[in-house]
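Here is a short briefing on a structure. Look over the sequence and the model, then read the points below.

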Amino acid sequence: MKQAIIILSSLLFSTLFYSQNIGLNLSIFSILTLIVLLISNTNKFKNKATIIYALLYLVTAAIVFFQHTTLSIITNCVVFFTLIGSITEAKSSIFVNWLNGVYTTVAGFFHRSFHFNEKEAKPILKKDIDFLHWIKLIGIPLVFIIVFILLYKNGNSVFNDLISQINLKFINMQWILFSVLGYFLFSNIINPVEVEHATKLDLETGNSLSKGTIFSEEDLKKEKQLGTTLMLLLNVLIVFYLVTDIIAISTSATSNAETLSNQVHNGINALIASIVIAIVIILYFFRGNLNFYKDNKALKILAFTWIILNAVLVILIAFKNNIYVSSFGFTYKRVGVYIYLLLTFIGLVTTFIKVLKVKNLLFLFRVNTQIAFVILMLCSTINWDYQITHYNINYAQSVDLSYLINLSNNNASLLKTYNDKNTLGSKNYNRINNKHTNFIQLLEDRSWQEYTYENLKETNNSKTHNY
Amino acid sequence: MNIPSNVGKSTLLAMCIFWIINFTKDISMDLAGFALLSAIPIFICVSLVIIITICPVFWFLKKDNVSNYAIAKKYFPYYIIVMFALCLMGIITSRSDVYSISFFITVFITTAQSWVWFAKENRI
């Protein structure tokens, strides 16, 4: 039964992906994968987390069809690995799910070969078909026959003529090899495997810190003194930096793109260094027994203050980026700054919780990876090229058309409308028209496997125009 | 560890995979000669990869009471994920040229199978 499912799936895999770009095929593949997993691992789908990941996988499949952005494709792949990992072990952390998912997808077949070895000593009651033997029996003679035919062809003209009459061009060997790849993929995922070492370690390790066996009051006192002094000085320094930064923002009314860009990017660099060092220092001091030391209150308050001040720094940078965006519009880098700031802010909040509730490093890693996953999901729902273009042409004080034209085809229709309604220079006018024409041509040339929502929209548009 | 046997089997496997993929593009008499000659560079590549990247894991991490199977079970997943990432990077940077694709697929499958053969050696 399993073999039949795998073979059928691999043929569908080739039909969907061989010589095709990504489009409807990835969405259908996601549904197919889900059906295969559901049939072969029905029991695992009783778990709530697995059901949620399965639904998310379907959602990302739909997003790929509707948005057709690189980010949505990446998210679909990440959710695929998460789902596979969740089927392997539903209780493990999300990063272990990714590890198990990737491992299952790339090497499930080889992993099972190991386990075959382990069970060799046990009596085999029912002997399965020996596929390796059959492959050898057919493959090796076939390879040698082909080699010798190729050799004999040059030695005998009659033989050469006879062989030349055999026309095997109707067989597409690359399509067959692609099916083999599909077979390999489905045989890997149909029965998910786990990275035992990492999964076991993850399941055994909780989120809370426990008091160490060696507890020297003297050493802890010295460490606390060092930590308090360092935190105090760093707090003074960051307060000084923030005050000067606020003064700089309130006094300078900059309209120069370069100055604003420098301000934001320098701020980001400072922020990256500051936050990373802040978290590392906090994690160092609160790594063990100092959490349980009775006189650690001052150090904790200083650490909390520093986290809050770093959060203020994040807000200031966001404010500067906001000024920059309202003047010169969005670009991927500017959107990236917002996402980075959001992640940093969340990182600071989770570090705060870690210190407050005496959690370990793994807690921080688990929570942060989970939040990163959610943010990736949310970001994939947005058609960035379209939104960036929409904002820039409607709200930005100055528009960099060249940048917008160089984005993907997702904004082609929007630019075309903008082009038709406004008087642009002849160079940009032609470039936008060319982009739109190429986009329409691309849509028409697509096979059904490559269809996206844009195809449906354009078909509807052309029908409306015909009427 | 039976390294010569493993290298021999891996070389044959690598040759088969590499040329099967390449023959899907073009079967010609000229390539048949190359296919036979390629055994030498493939042997060298396979030997180097096995001796430099796989054997040290067993040599340095294997203790007296640990089997090859236990070592492979623990370290193979990490090795193969890294190898997959490197091969994928290689395929992407080579801009999907058939020779490069066949080379990297061969590397991936051969190294993975080589681990399996080492793990299946019944030694404790």
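How many Å separate the centres of domain 1 of chain A and domain 3 of chain A, taken over C-alpha atoms? The separation of these two centres is 37 Å.

This is a predicted model, in which local features need pLDDT of at least 70, side-chain atom pairs count only at pLDDT 80 or more, and totals for chains, interfaces and linings use all residues. Residues are numbered from 1 along each chain as its sequence is written, while chains are lettered from A and ligands numbered from 1 in the order in which they are written.

**Domains of chain A**
- Chain A is divided into domain 1 (1-121 + 129-207), domain 2 (217-359) and domain 3 (385-461); the bounds come from an automatic or database domain assignment.
- Domain 1 and domain 3 of chain A each put 10 residues into their contact (C-beta atoms, placed from the backbone, within 7 Å).
- On the domain 1 side, helix 2 (24-40) and helix 3 (48-67) of chain A each supply at least two residues (helices are DSSP runs of H or I, at least four residues, numbered from the N terminus).
- That side of domain 1 has 4 nonpolar, 6 polar and no charged residues (Ala, Val, Leu, Ile, Met, Phe, Trp, Tyr, Cys and Pro count as nonpolar, Asp, Glu, Lys and Arg as charged, and the others, Gly among them, as polar).

**Chain B against chain A**
- Chain B brings 19 residues into contact with 21 residues of chain A.
- Helix 1 (3-23), helix 2 (29-37), helix 4 (68-93) and helix 5 (98-119) of chain B each supply at least two residues of that side.
- Helix 4 of chain B gives the largest share, 8 residues.
- The chain B side has 14 nonpolar, 2 polar and 3 charged residues.

**Nonpolar cores**
- The largest nonpolar core has 37 residues (buried Ala, Val, Leu, Ile, Met, Phe, Trp, Tyr and Cys joined through C-beta atoms within 7 Å; buried means 20 or more other C-beta atoms within 10 Å of a residue's own).
- A:Tyr103, B:Ile80, B:Phe108, B:Ala112 and B:Trp115 have the most contacts inside this core.
- Helix 5 of chain B gives the most to this core, with 11 residues.
- B:Phe108 touches B:Met83, B:Phe84 and B:Cys87, not counting residues up to four places away in sequence.

**Helix packing in chain B**
- Helix 3 and helix 4 of chain B pack at about 115 degrees, with axes 11 Å apart (lines fitted to C-alpha atoms over the stretch in contact, with angles from 0 to 180 degrees between N-to-C directions).
- B:Val57, B:Phe58 and B:Leu61 of helix 3 meet B:Asn68, B:Ile71 and B:Tyr75 of helix 4.

How values were computed
Two residues are in contact if their C-beta atoms, placed from the backbone, lie within 7 Å. A residue is buried if 20 or more other C-beta atoms lie within 10 Å of its own, exposed if 12 or fewer, and partly exposed in between; C-beta atoms are placed from the backbone.
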